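This report covers a few local features of one chain.

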Amino acid sequence: MLLPFRQMLLVLLLLTLLALGHDRQRDCSKAHNTTKPALLRLSDCLLTNYTKGVRPVLDWRKPTTVFIDVIVYAILSVDEKNQVLTTYIWYRQCWTDEFLQWSPEDFDNITKLSIPTDSIWVPDILINEFVDVGKSPNIPYVYVHQNGNVQNYKPLQVVTACSLEIYNFPFDVQNCSLTFTSWLHTIQDINISLWRKPEKVKYDRSVFMNQGEWELLGVLTQFQEFSIEGSECYAEMKFYVVIRRRPLFYAVSLLLPSIFLMVMDIVGFYLPPDSGERVSFKITLLLGYSVFLIIVSDTLPATAIGTPLIGVYFVVCMALLVISLAETILIVRLVHKQDLQQPVPAWLRHLVLERIAALVCLGEQSNSPRLPAASQVTKIDDCSAMGNHCNHLGGPQDFEKNSRGRGSPPPPPREASFAVRGVLRELSSIRHFLEKRDESREVARDWLRVGSVLDRLLFRVYLLAVLAYSITLVTLWSIWKYS
């Protein structure tokens, strides 16, 4: 008994709503006999006894379908640090209001009318990603057609949250979503549909401002239903705004100065390794690169969870400059001339002057033979002994014997003999000094040859590392740019 009674109540309610609708139409049809202007009569007819707080359907079981459309006008800003995207869009939505219908013949053939937005029911469709209220102009009117079709057009400055990927900067592509959904009504009350076909929405760049930093690649659409913790379902329409950064400005202002400094660092290897100017040159380059990084630090995007690849590139370039300076200091210290420098060890001479020299295509470095230092010192000490007893051939004792054998005059007095021995000691000291100097110069030349070979080897290794790193980065950026 209860079930038929409820059905009867529902039928009576439906008949009452239909009767009210017919009464409104009869009232609107009778209003054409008045002397008021047609627009005023139509507006009074539609808004009289209109309740804007109730969803405008005759059958409450029928959902109100809202058709929406988005046209991207401009990309205003992309804040990587705060993960916020600011766009300017043209937003359009339309729905059918069953309480706003009339016959054009009764109102001077008026087929559409603009009425205030605050006077009628408007769906509560919002963007889920909203984080701030943009400076959007207020459009206080909507268009209403004779069949109850309401069109609400308005421009919006949308400030939304977006997960921005900055690793590929400045060749990054961002994909940010704008999710339109009813904040309160479920899909049984308000359903959302796309106004145009997805293909037309995707490739529509008719009004996009295409002279800024960002290029619009397309707008993708997706409809889905979702529920929160098993509650009733809600309808939502997602618009994925895909944009790509134009990298020319950043390539000129960031990459080219870094490349120039690295090229100058490579050219600095052609300075002689025994020249102290190379160290000061490398230090100047390192200082200049540090100043460059301070200048460009504000230009690079930064987030709390990652850093762009170009930032890693700058850090690696700084590390390469430090390694280059350390290599220069090592080579300069190796070839620095010192009087007490030890001779080059035999194993180092064999490894560097023969093996590594052949590896870097320098050929085997010539080694000039010289008398060992110990034999030279022994020889000099023998000749500088006290008295007139010199053991080597051609000494003073042999000279005296040869002179006496040929009937020469008697030897000079003893004082002259002491003077001659003093002269011989001075000559022996001079010869000892010259031999020491020649030996020191030869040791220095050997270390210079070792340093030159090692410098050439380290330069080629450094050059290969720089080239491999540069080729890897260029390949990655090319793939990202044209993907």
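Predicted model: local features only at pLDDT ≥ 70, side-chain atom pairs only at ≥ 80, totals over all residues.

## Pairing of strand 6

Strand 6 runs antiparallel to strand 3 (residues 112-116), and five bridges join the two. Opposite V144 of strand 6 stands L113.

Strand 6 also pairs with strand 7 (residues 149-161), again in the antiparallel sense, over two bridges. Here V150 of strand 7 is the bridge partner of V144.

## The hairpin of strands 6 and 7

Strand 6 and strand 7 form a hairpin with three residues between the strands. In this hairpin, G148 takes a positive phi near 90°.

## S77 in strand 1

S77 belongs to strand 1, which covers residues 64-79. Its relative accessibility is 34%, so S77 counts as partly exposed; the partly exposed class lies between the buried limit of under 20% and the exposed limit of over 50%.

With neighbours within four places in sequence left aside, S77 is in contact with V84, L85 and T86. E213 is 136 residues away from S77 along the chain, and the C-alpha atoms of these two residues are separated by 9.2 Å.

Terms used. Residues numbered from 1 in each chain as written. Heavy atoms only, no water. Helix = DSSP H or I, 4+ residues; strand = E, 2+ residues; numbered from the N terminus. Buried < 20%, exposed > 50% of the residue type's maximum accessible area, 1.4 Å probe, protein only. Contact = heavy atoms within 4.5 Å. Pairing = 2+ DSSP bridges.
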